[in-house]
Amino acid sequence: MKVVVPKLLSQAGKDYLTDHNFDLIEAADNSQESILKVGKNADGIILMTDPFDNKTLEQFPNLKIIARHGVGFDNVDSQFAGKHGVWVTITPMANAATVAETTIAEILDLSKNLTKISDEMRQGHFDYKSSHMGFDLANKKLGVMGYGRIGRLVAKKADALGMDVLIFDPFVKETAVGRLVDRDTLISQSDVITLHLAVTDETTHAFGKREFAMMKKSASLVNLGRGALVNEQDLINALRTKEIQSAALDVFEDEPLPLSSDFYTLDNVLLTPHIASNTVECMARMAVDSASEVVRVLSGEQPKWAINQVK
């Protein structure tokens with residue numbers, strides 16, 4: 001059986017598939033066009049973050065599984081896939097610790113203005129630090145929106161830094177770390193808000209003008225979840241007018257973020273190119289976990305981490 005994988009997939013994932021006697025078809029990148037070009041007869045696909053639309057899916061007559069390399073699955077219509085006999089799986093055990101670490105790293109960067117001060121230093125502006133001081137995290141309120149695997153680890157790490165953790169998740173009834181509060185309380189009281197929500201009809205663009213108006217002027221927004229969670233134009237306006245102090249963004253509606261984006265004109269936003277799980281160890285775990293789901297399904301077994309049902 002044939003499996004399409006992106007060329008940049010960790011070697012550990014490729015080895016797992018070949019060790020189980022599957023033929024690999026390497027796509028130059030993970031765009032649906034490249035996948036379709038080289039692997040129209042594929043039985044399985046390992047998919048990263050690029051969109052994979054329904055029209056493309058219908059052109060794969062032998063396809064039985066799309067194994068997402070990660071935990072988000074908003075780039076593929078899982079219900080449509082299920083109706084066409086295609087499993088969609090994720091790798092929920094592979095990246096939570098890494099994404100939580102990166103979230104804390106970006107919060108630390110924002111709080112101490114590290115990247116901007118370093119950039120100014122390289123230009124000889126050694127006194128830039130004097131007019132751009134950071135702020136302590138100890139005793140500040142961190143609002144964690146979404147309390148799944150990643151949110152829980154972020155809360156635990158922030159608690160260890162001495163932060164007062166506020167948590168909003170309508171599906172969570174108790175927590176060993178921090179305090180559960182309602183959505184508006186979290187938004188209005190937090191000094192830093194970090195988003196770890198799934199993209200649904202209710203959460204898409206749900207963080208916008210109203211929420212920025214509720215936030216403290218000294219507050220910061222951190223988004224390592226999905227770009228669709230935030231109304232980007234409302235955020236740009238809030239940063240430009242200093243309605244909020246700063247933001248750190250690792251995800252965007254359009255990726256890679258176009259160089260024409262107004263985000264690049266702002267000096268109070270930290271921009272990173274979807275690096276939340278970008279470590280050697282995490283990439284290997286996601287590659288092996290996604291490959292293992294392909295092996296299970298193509299061997300006639302049930303997947304472990306399916307997010308749909310096949311009809």
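Start by selecting Val5 and Glu26: in E2, Glu26 is the bridge partner of Val5. E names a strand and H a helix, both being DSSP runs numbered from the N terminus (helices are H or I with at least four residues, strands E with at least two). What you are viewing is a predicted model, where local features need pLDDT of at least 70 and side-chain atom pairs count only at pLDDT 80 or more, while totals for chains, interfaces and linings use all residues. Residues are numbered from 1 along each chain as its sequence is written, and side-chain values use heavy atoms, leaving out hydrogens and water.

**The sheet**

Now widen the selection to strand E1, residues 2–6, together with E2. E1 and E2 pair in the parallel sense over 5 bridges; two strands pair if DSSP finds at least two bridges between them. Strands of a sheet pair through backbone hydrogen bonds, either parallel or antiparallel.

In what order do the 5 strands of the open sheet come? The order is E2-E1-E3-E4-E5, with parallel pairing. From one strand to the next, the twist averages 20°; angles run from 0 to 180 degrees between N-to-C directions, and axes are lines fitted to C-alpha atoms, for helices over the stretch in contact.

Next, select E3. E1 and E3 pair in the parallel sense over 2 bridges, and Val4 has Ile45 of E3 as its bridge partner. Follow Ile45 onward and you reach Ile66, its bridge partner in E4; E3 and E4 pair in the parallel sense over 4 bridges. Show the side chains here: Gly44 and Ile46 point one way from E3, Ile45 and Leu47 point the other way, and all are buried. Buried means under 20% relative accessible area, exposed over 50%, and partly exposed in between, with a 1.4 Å probe and protein chains only.

Then move to helix H1, residues 11–19, where the buried residues are Gly13, Lys14 and Leu17. Look down the axis of H1: its buried residues fall within an arc of 100°, so they line one face of the helix. That arc is taken from the directions from the helix axis to the C-beta atoms. Among the elements covering these buried residues are E1, E2, E3 and H11. Just after H1, Asn21 takes a positive phi of about 70°.

Helix H11 is your next stop. H11 lies across E1, E3, strand E4 (65–68) and E5, running at about 160° to E4. Within this helix (residues 280–298), pick out Glu293. Is Glu293 buried or exposed? It is buried, with a relative accessible area of 0%. Leaving aside neighbours within four places in sequence, Glu293 is in contact (heavy atoms within 4.5 Å) with Ile65, Thr89, Pro303, Lys304, Trp305 and Ala306.

**A last stop**

Finish at Leu161, in the loop between helix H7 (149–160) and strand E7 (164–168). Leu161 is partly exposed, with a relative accessible area of 37%. Leaving aside its neighbours within four places in sequence, Leu161 is in contact with Ile104, Leu137 and Ala138. Draw a distance to Lys173, 12 residues apart from Leu161 along the chain: their C-alpha atoms are separated by 24 Å.
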